[in-house]
Amino acid sequence: MARTSLSDAELRRFDQALRDQRALTATELNRLAESLTSVREARSDGSADDEHDPEGPTLSGEWSRIVGVHGEFNEKVAAIDRSLARIADGSYGTCIRCGKPIGAARLSALLTAELCIDCARLIEGRGR
């Protein structure tokens, strides 16, 4: 696997930014888990008639929204963990598809970028 072209200072900066982002995401995941528990308890309450409540979303709708966001945050944590593993093995900042360097500017914008901009555009173009 190709070694990164990033400097040690850049790697330390990205490592810290990823760790900070992971901590924030973990905090948000815990908050969402508490929300899921609250909705689950409300849904199991036989007296809850949320389908006819004009004041807000239904419990089913809220459940679906929270589950979706929870899944997105789980994927974010997984992407951060993959990036931290690439820092540890020396491949962070190297495209997993073509092996070319991923620019520091791209990594600053998207800490978990696994593809160089050329490969990302190529793959995105296929999805259209």
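Residues are numbered from 1 along each chain as its sequence is written, and side-chain values use heavy atoms, with hydrogens and water left out. As the model is predicted, local features need pLDDT of at least 70 and side-chain atom pairs count only at pLDDT 80 or more, while totals for chains, interfaces and linings use all residues.

Helices here are DSSP runs (H or I, at least four residues), numbered from the N terminus. Take α2 to begin with: its 31 residues reach 45 Å from the first C-alpha to the last, close to the 45 Å expected at 1.5 Å a residue, where the expected span is 1.5 Å times one less than the number of residues. Buried residues (under 20% relative accessible area, with exposed being over 50% and partly exposed in between; 1.4 Å probe, protein chains only) turn up along α2 at L59, I66, V77, A79, I80, S83, L84, R86 and I87. After α2 comes G90, with a positive phi near 85 degrees.

D15 sits in α1 and, leaving out residues up to four places away in sequence, touches L84 and I87; contact means heavy atoms within 4.5 Å. D15 counts as buried because its relative accessible area is 17%.

Setting aside neighbours within four places in sequence, C95 is in contact with K100, I102, E114, L115, C116 and C119.

Over in helix α3 (residues 104-109) lies A104, which is partly exposed at 23% relative accessibility. Beyond neighbours within four places in sequence, A104 is in contact with L6, E10 and F14. A104 and L11 are 93 residues apart in sequence, yet 9.7 Å apart in space, C-alpha to C-alpha.

As for the cysteines, the structure holds zero disulfides, a disulfide being a pair of cysteine sulfur atoms within 2.5 Å. The closest cysteine sulfur to that of C98 belongs to C119, and at 3.7 Å it is too far for a bond. C116 is in no disulfide either, its nearest cysteine sulfur, that of C119, being 3.7 Å away. C98 is partly exposed, at 35% relative accessible area, whereas C116 is buried at 6%.

Methods
Helix = DSSP H or I, 4+ residues; strand = E, 2+ residues; numbered from the N terminus.
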